[in-house]
Amino acid sequence: DIYAGHPGMEYEFLFITKGGGSANKTFLYQQTKALLNEESLTKFITEHIKDLGTSACPPYHLALCIGGTSAEMCLSTVKKASAGYLDELPTSGNEGGRCFRDLEWERKVLEICRKSGVGAQFGGKYLVHDVRVIRAPRHAASCPVAIGVSCSADRNIKAKITPEGIFLEQLEKNPARFLPAQSPAMSPAVDIDLDEGMDKVREILTRYPIKTRLNLKGTLIVARDIAHARIKQMLDEGKPMPDYFKKHPVYYAGQDAAGHGFGIVRPHDGRPHGPLRRPVPEARRLDGDGGEGQPFAGGDRRLQGERRFLPRLDRRSGGHSGQELDQVGRGGRLPRAGHGGRAQDLRGGFPRLHHRR
């Protein structure tokens, strides 16, 4: 998406690795000016925040755009705002109809999210990390409203090309520094052996409330959308579900690039997004064992590298505005707004899904 900005010999870039969940959970609502009063807008947001649910991997960076001269502008503004790209907008409008951040409604929407009862865990407390509300100019007869998120695996990076060189945003490399010095006091974890069978596992789980920490060992099946679609196809054809799917839990997660374990792991509601094309994967063992004797479906390995470019840490930077750009070419260093994830070398890591040069 390329557009003309300020004059001069300079290009500014925002690269976003958009997750499927957060892309799916992007909504456009065509409203009217009648929405623009506190009671109506509060009711609207309270209702439609629940459209997000949890299937885009909260906690979210939530963005709303109220207004816009077109549906496309409204949706584009939401995507940029969810990446922190519009954090430096002014906080008030003017007679020229400039876009601005509405800090008052950011606070109100944050409170609505916390009271929604929806979230990654713990009764909705962690539905969102933060909220951005952008007010935009609009046609008198319309008022588009867009809602979108950047998921917990927030992956974006800024870059510049100027006469002085090529600059790449310096991202957080040590997220562990944000952890508290001491872990909060927690009760001991409950040991569960997944190889004892689902009846035994369920019998143990019924003794404890939600939020109980568990220490799992044994066999766990890793399966995402493609596996669910394959099983549905088998059942539709009158074939039985693989027996090991009845004996062990199914973990809705992807494998790593080498196909040996988990890729990105974060809170999720575990609902398949839709049919894809990889057969049911093999059962994997949590303790690192190769799973000798477990059923194995070799399957299509062409998509093994599809997650290779994802960062290993689902963490954006500390959020302060004093961080910097690292120069890749010549010249010095430039300030930037403080959002991003972990720096990654993306060369050669993208899936080879397109055959045209």
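Me: Why is Arg177 called partly exposed?

Reply: Arg177 has a relative accessible area of 46%, and partly exposed is the class between buried (under 20%) and exposed (over 50%), taken with a 1.4 Å probe and protein chains only. Arg177 therefore counts as partly exposed. This is a predicted model, in which local features need pLDDT of at least 70, side-chain atom pairs count only at pLDDT 80 or more, and totals for chains, interfaces and linings use all residues.

Me: What makes the contact between Glu172 and Arg177 a salt bridge?

Reply: The closest N and O atoms of Glu172 and Arg177 are 2.8 Å apart. A salt bridge requires a side-chain nitrogen of Lys or Arg within 4 Å of a carboxyl oxygen of Asp or Glu, so the pair qualifies. The structure holds 14 salt bridges. Side chains of opposite charge can pair when their charged atoms come close.

Me: How do you know whether Glu172 is buried or exposed?

Reply: The relative accessible area of Glu172 is 8%, and Glu172 is therefore buried. Glu172 is found in the loop between strand S8 (165-169) and strand S9 (190-193), these elements being DSSP runs numbered from the N terminus (helices: H or I, at least four residues; strands: E, at least two). The side chain of Glu172 also reaches the backbone nitrogen of Asn174 at 2.8 Å.

Me: What makes Glu106 and Arg101 a salt bridge, and where do the two partners stand in accessibility?

Reply: Their side chains meet at 2.7 Å, N to O. Glu106 is buried at 7% relative accessible area, and Arg101 counts as buried at 12%.

Me: How are Lys200 and Glu203 placed relative to each other in helix H5?

Reply: Lys200 and Glu203 are three residues apart in helix H5 (residues 198-205), which means that about one helical turn separates them. Elsewhere, salt bridges that share partners join Glu38, Glu104 and Lys108 into one network. The side chains of Lys200 and Glu203 meet in a salt bridge of 3.9 Å, N to O.

Me: How many aromatic pairs does the structure hold, and why is that of Phe27 and Tyr29 called stacked?

Reply: There are five aromatic pairs. For Phe27 and Tyr29, the centres are 6.1 Å apart and the planes stand at 20°. Rings of Phe, Tyr and Trp (its six-membered ring) pair if their centres lie within 6.5 Å, with planes under 30 degrees apart counted as stacked, over 60 as edge-to-face and the rest as tilted, so this pair is stacked.

Me: Why is the pair of Tyr29 and Phe44 called edge-to-face?

Reply: The ring centres of Tyr29 and Phe44 lie 5.4 Å apart and their planes stand at 90°, so the pair is edge-to-face. This pair links distant parts of the chain, with Tyr29 in strand S2 (residues 27-31) and Phe44 in helix H2 (residues 38-52), 15 residues apart. Both Tyr29 and Phe44 are buried.

Technical notes. Residues numbered from 1 in each chain as written. Heavy atoms only, no water. Polar contact = N/O pair within 3.5 Å; in protein donor to acceptor, adjacent residues only side chain to side chain.
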